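Hi everyone, thanks for making time this morning. Have a look at the sequence and the model on the screen, and I'll walk you through a few spots.

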Amino acid sequence: MNIQWYPGHMTKTRRQIEGDLKNVDIVVELIDARIPVSSRNPDIDSICAGKPRLIVLNRADQADPAMNAKWTAFFKGQGHAVLETDAKTGRGVNQFSPVIQGVLKDQIAKWREKGQVGRPVRAMVVGVPNVGKSTFINKVARKKSAKAGDRPGVTRGKQWVNVDQSLDLLDTPGILWPKFEDETIGLHLAFTGAVKDEIMDVETLGCHFMALLARWYPEALISSYKLTALPQREEEENDVAYGYRLLETCAQKRGMRISGGEFDTERMARVLLDEYRGGKLGRFTLEGPDGGESLEA
Ligand SMILES: Nc1nc2c(ncn2[C@@H]2O[C@H](COP(=O)(O)OP(=O)(O)O)[C@@H](O)[C@H]2O)c(=O)[nH]1
Ligand SMILES: [Mg+2]
């Protein structure tokens, strides 16, 4: 797989985050609710060790509601606080401050005992690219959002954004990288549009996505493309071969042909991915916490 990889850049951000950790009370880790495994940095636990953590399942509006509940329970079981949000509309974001107060209530009580009454909680947001960090921070900071705007190329000091009496947010989001080298992770990041399609040709990507949908969301596939049933998967047929047949079936239904009468599977692949990313096929979660074969946790 050919994905751009910036190890130097990564080391630098990692150091920056490690430095900033000393100045914050809590780390807010944004993850993509559709791909809670693939949208995490594999080193996040070691980087943030010892800091209270709030896991925000962002893009909850695009993920399967039943799976959101499963993932919430999973992360709670690991001792983290969890919040489901849709940063685009702001749904769930108003719970952010109260949840943080809850997580840190013992700490806040200690501050009070020491006479630090009214000391605001300091939080840092981290997450992989495209998970929704800027959108989330702007929603949390509301009217102060202008200050937090990105100004690429302009070097400036760290800036604290005062959200309200009880909360300050570090306005530079910590950008961490997912584990692109793992094929499944690379595919899932591509399906959701977190990385550009160029990791492989769009037709092959479409084959993989078809096979995944047929396995986990067959009803949605059938109804979206008005099929009567899915073609039977042959024994030992791999994802690409089976996915290709599904692309053909759907292209046939949509009347997509290239000259010579063959079905336009490449165009169908592009349509499939566009429709998925545009939310037209439904709310799918591509990874589960409870260990289905292709669902890693
Ligand atoms: N549907 C939906 N879209 C979102 C959500 N959060 C962010 N987005 C969109 O995803 C895109 C990338 O978000 P951005 O905040 O720039 O991601 P960042 O790279 O992590 O800062 C933008 O077009 C946002 O509007 C969400 O919760 N739901
Ligand atoms: Mg951003």
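Predicted model: local features only at pLDDT ≥ 70, side-chain atom pairs only at ≥ 80, totals over all residues.

Residues are numbered from 1 along each chain as its sequence is written, chains are lettered from A and ligands numbered from 1 in the order in which they are written, and side-chain values use heavy atoms, with hydrogens and water left out.

The protein has twelve helices and six strands; these are DSSP runs numbered from the N terminus, H or I with at least four residues for helices and E with at least two for strands.

Now please find helix α3, residues 65–77. How far apart are its end C-alpha atoms? They are 19 Å apart, which agrees with the 18 Å that 13 residues should span at 1.5 Å a residue; the expected span is 1.5 Å times one less than the number of residues. Which residues of α3 are buried? They are M67, N68, W71, T72 and F75. These cover an arc of only 145° around the axis, so they sit on the same side of α3; the arc is that of the directions from the helix axis to the C-beta atoms. The buried residues of α3 pack against β1 (26–32), β2 (53–58) and β3 (81–84), with contact meaning heavy atoms within 4.5 Å. On the face turned away from that buried side, α3 carries the exposed residues A66 and G77. At the N-terminal end, D64 is the cap, with a side-chain oxygen 3.0 Å from the backbone nitrogen of A66. After α3 comes G79, with a positive phi near 90°.

Next, helix α8, residues 183–191, is mostly covered, with seven of its nine residues buried. Among them are H188 and F191, and the buried residues of α8 pack against α9 (202–216) and α12 (265–277). At the start of α8, a side-chain oxygen of D182 comes to within 3.0 Å of the backbone nitrogen of T184. Just after α8, G193 has a positive phi of about 85°.

On to ligand 1. Of the 15 residues around ligand 1, the nearest are R59, D61, N130, K133 and T135, where near means that a heavy atom lies within 4 Å. A polar side-chain atom of N58 is 3.0 Å from a ligand 1 oxygen, and a backbone N or O atom of N130 is 2.8 Å from an oxygen atom of ligand 1. The protein covers 74% of the 580 Å² of accessible area that ligand 1 has on its own.

Last stop: E237, in the loop between α10 (218–224) and α11 (239–254). Is E237 buried or exposed? It counts as buried, because its relative accessibility is 14%. The side chains of E237 and R245 are joined by a polar contact of 2.9 Å, meaning a pair of N or O atoms within 3.5 Å; within protein, one must be able to donate a hydrogen and the other to accept it, and residues adjacent in sequence count only if both atoms are side-chain atoms.

Definitions and conventions:
Buried < 20%, exposed > 50% of the residue type's maximum accessible area, 1.4 Å probe, protein only. Areas by Shrake-Rupley, 256 points an atom, 1.4 Å probe, with all protein chains shown as cover.
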